[in-house]
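Here is a short note for your review. It takes up a salt bridge and then a cavity.

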Amino acid sequence: MNTEKQKWILLIALSVIWGSSFILIKKSLEHFNPYEVGALRVLISGIVLMPYAITKIKQFPKQHTKWLILAAVTGSFIPMFLFPLAETEISSSIAGIINSMMPIFVIIVGSLVWKFSTTKRQMIGVLISFIGACILALGSGESGEIKIYPILLLVLAVLLYAISTTTIKSKLQEVPAILMSAFIFSFVLLLPSLIALVFSGFFQDFSFNQSTLEGLGFVAMLSIFGTGLAMMMNYKLLSISTPLFASTVTLLMPIVAIIWGILDGEKLTTQQSVGALVILTGLIFLRSKPKVVS
């Protein structure tokens, strides 16, 4: 399979997986508090990947430890708490708009920190798709007071994702995707997530009942598919494309969220259809490759 085809397959697959994560977070929050959801999400991923990480421990890239820690904390730890916290106070529409800003943050961080160069065509593509994401999200029919605090939490999460994405592309590109995921979740984040779970009150309140088991089921799906597997795919996508291209997954995710809504009995509105078409139109402009200034 050629690289061009592979990166588009990964982009679509990631959009489906991460786009489905919102409903899993929502379901998880019905059983656990935001801190428990975030900590469990990371901890379960680390436990699942631990056997593989141990077998490959000799391949741990010690010379890149600081970059692994930076990528792990900014991309796979702090945002896992920020999203559940924000989703307890704001609508999924607003969350979708903020999350769709990631390509813009990638352009800013990439240009200022890593000296990435972005083409005019790609800038146009990102702008068009972002407008489409806003149209789609605002067409969800949700309303309510816009709160500044949760919005700032999401903006911070998206900024951290952009820092992680550009760091991986610049400093960790030679580390295989599955190894990076295993090392990050098992060696870097397992202990911090366990500590966070202790302070969240999880063990004091835990009891074996139907609600808890259902919650663990939702978090387990979120961890295995929306975190562990998705991160492997994301790292692979970064190794064969650009940070800007990989970040456009956030522009497709709202479409997946709308599809979940339809499957749950909601109707597709004309505004949502227009928004989805605008997003796809913007992605056409992202086929050109930006040059990296070394």
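1. Glu4 is at 26%, so Glu4 counts as partly exposed. The classes are buried under 20% relative accessible area, exposed over 50%, partly exposed in between (1.4 Å probe, protein chains only).

2. This is a predicted model: local features need pLDDT of at least 70, side-chain atom pairs count only at pLDDT 80 or more, and totals for chains, interfaces and linings use all residues. Residues are numbered from 1 along each chain as its sequence is written, and side-chain values use heavy atoms, with hydrogens and water left out.

3. Lys7 forms a salt bridge with Glu4; the closest N and O atoms are 3.3 Å apart. The rule asks for a side-chain nitrogen of Lys or Arg within 4 Å of a carboxyl oxygen of Asp or Glu. The count by this rule is 1 salt bridge. Lys7 and Glu4 are 3 residues apart in helix 1, so about one helical turn separates them. Helices here are DSSP runs (H or I, at least four residues), numbered from the N terminus.

4. There is 1 cavity of 30 Å³ or more. A cavity is a set of points on a 1 Å grid over the protein atoms alone, where a 1.4 Å probe fits but cannot get out; lining residues have an atom within 4 Å of a point. The largest cavity holds about 310 Å³ of space. Volume means the space filled by probe spheres set on the points, which are joined across faces, edges and corners.

5. The lining of the largest cavity has 25 residues; Trp18, Asn99, Tyr161, Met231 and Met253 lie nearest its centre. Elements giving two or more residues to this lining include helix 1 (3-29), helix 8 (148-171) and helix 12 (210-240).

Technical notes. On a 1 Å grid over the protein atoms alone, a cavity is a set of points where a 1.4 Å probe fits but cannot get out, and a pocket is an open set with protein on both sides within 12 Å along at least five of seven lines; lining residues have an atom within 4 Å of a point.
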